[in-house]
Amino acid sequence: MSRIGRLPIDIPAGVDVTVDGAAVTVKGPKGELTLDVPTPIEVKIEDNQVLVTRPDDERDSRSRHGLTRSLIANQILGVTEGYSKGLEIVGTGYRVAQKGAAVEFALGFSHPVTVEPPAGITLTVEGNNKLTVAGIDKQAVGETAANIRKIKKPEPYKGKGIRYAGEVVRRKAGKSGK
């Protein structure tokens with residue numbers, strides 16, 4: 001039995017979880033999320049807890065059991081507290097500025113780079129070199145942060161670029177003189 005999949009998920013106050021066939025809908029104070037459960041996995045609600053079960057010990061069922069339980073737990077956490085990911089802009093002349101809902105980066109290119117947030121994601125700028133990506137969907141927050149980081153990854157010689165908050169960039173030695 002999956003050690004993660006067999007754990008029940010407690011439903012906190014203010015959160016409504018409904019199971020309609022293969023769709024699990026989670027409503028909370030911050031919003032609503034829906035998950036389509038893969039076919040062999042079953043989801044039930046008993047005693048204010050969500051239980052995820054699998055019908056057999058097939059390889060496919062075992063692999064999706066813990067995954068489904070984790071995805072539902074992440075949705076419940078997302079609609080109650082939300083998720084956020086911090087980004088830091090490092091480099092001389094590199095900065096970020098808020099332009100309405102979008103943000104504009106100056107990253108040493110010949111032009112500024114503007115990023116529009118996808119639906120359900122908010123981008124907030126703190127100072128001129130810190131950015132926070134926030135939302136209720138963990139996957140969407142992580143993907144948006146990764147796409148922003150992809151614009152200018154930290155380079156290994158001077159460490160300039162966009163990095164996650166707390167990320168350690170391995171530095172290389174430059175050219176050595178004679």
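Is Asp47 exposed or buried, and what is its relative accessible area?

1. Basis of the note. This is a predicted model, in which local features need pLDDT of at least 70 and side-chain atom pairs count only at pLDDT 80 or more, while totals for chains, interfaces and linings use all residues. Residues are numbered from 1 along each chain as its sequence is written, and side-chain values use heavy atoms, with hydrogens and water left out.

2. The largest nonpolar core. A nonpolar core is here a set of buried Ala, Val, Leu, Ile, Met, Phe, Trp, Tyr and Cys residues joined through side-chain atoms within 4.5 Å, where buried means under 20% relative accessible area, exposed over 50%, and partly exposed in between (1.4 Å probe, protein chains only). The largest such core has 19 residues, and the members that touch the most others are Phe105, Leu123, Val133 and Ile148. At least two residues of this core are supplied by each of strand E7 (83–90), strand E9 (102–106), strand E10 (113–115), strand E11 (121–126), strand E12 (130–135) and helix H2 (138–151); helices (H or I, at least four residues) and strands (E, at least two) are DSSP runs, numbered from the N terminus. Helix H2 gives the largest share, 4 residues. In general, nonpolar side chains tend to be buried together in soluble globular proteins.

3. Leu123 and the second core. Contact means heavy atoms within 4.5 Å, and, leaving aside neighbours within four places in sequence, Leu123 is in contact with residues including Gln98, Ala101, Val103, Val115, Leu131, Val133, Thr144 and Ile148. A second, separate core holds 18 residues, among them Ile9, Val50, Ala73 and Val79.

4. The sheet E8-E9-E10. Two strands are taken to pair if DSSP finds at least two bridges between them, and by this rule 3 strands form an open, antiparallel sheet in the order E8-E9-E10. Strand E8 (95–99) and E10 stand at the edges with a single partner strand each, so one side of each is left without a neighbour in the sheet. Neighbouring strands of this sheet are turned by 25° against each other on average, direction ignored; the axes behind such angles are lines fitted to C-alpha atoms, for helices over the stretch in contact, and angles run from 0 to 180 degrees between N-to-C directions. The antiparallel strands E8 and E9 are joined by 5 bridges, and Lys99 stands opposite Ala102 in E9.

5. Another open sheet with antiparallel pairing has 3 strands in the order E2-E3-E4, and its edge strands, strand E2 (16–20) and strand E4 (31–36), each pair on one side only. Its twist averages 15° from one strand to the next. Strand E3 (residues 23–28) runs antiparallel to E4 and is joined to E4 by 6 bridges, while a hairpin of 2 residues connects E3 to E4 in the chain. Val26 has Leu33 of E4 as its bridge partner, and Val24 stands opposite Leu35 in E4. Helix H1 (residues 59–80) lies across E2, E3 and E4, running at about 170° to E4.

6. Salt bridges. The structure holds 4 salt bridges, a salt bridge being a side-chain nitrogen of Lys or Arg within 4 Å of a carboxyl oxygen of Asp or Glu. Arg54 and Asp57 meet in one of them at 2.9 Å, N to O; Arg54 counts as buried at 12% relative accessibility, whereas Asp57 counts as exposed at 54%. Arg64 and Asp60 form another, with the closest N and O atoms 3.4 Å apart, and these two residues, 4 residues apart in helix H1, are separated by about one helical turn. The side chains of Glu167 and Arg149 also meet in a salt bridge, at 2.7 Å, N to O. This pair links distant parts of the chain, with Glu167 in the segment after strand E13 (161–164) and Arg149 in helix H2, 18 residues apart.

7. To return to the opening question, Asp47 is exposed, with a relative accessible area of 74%. Asp47 lies in the loop between strand E5 (42–46) and strand E6 (49–53), and its phi is near 55°, a positive value in a residue other than glycine. Asn48 is found in the loop between E5 and E6 and has a positive phi of about 60° although it is not a glycine. Most residues other than glycine have a negative phi.
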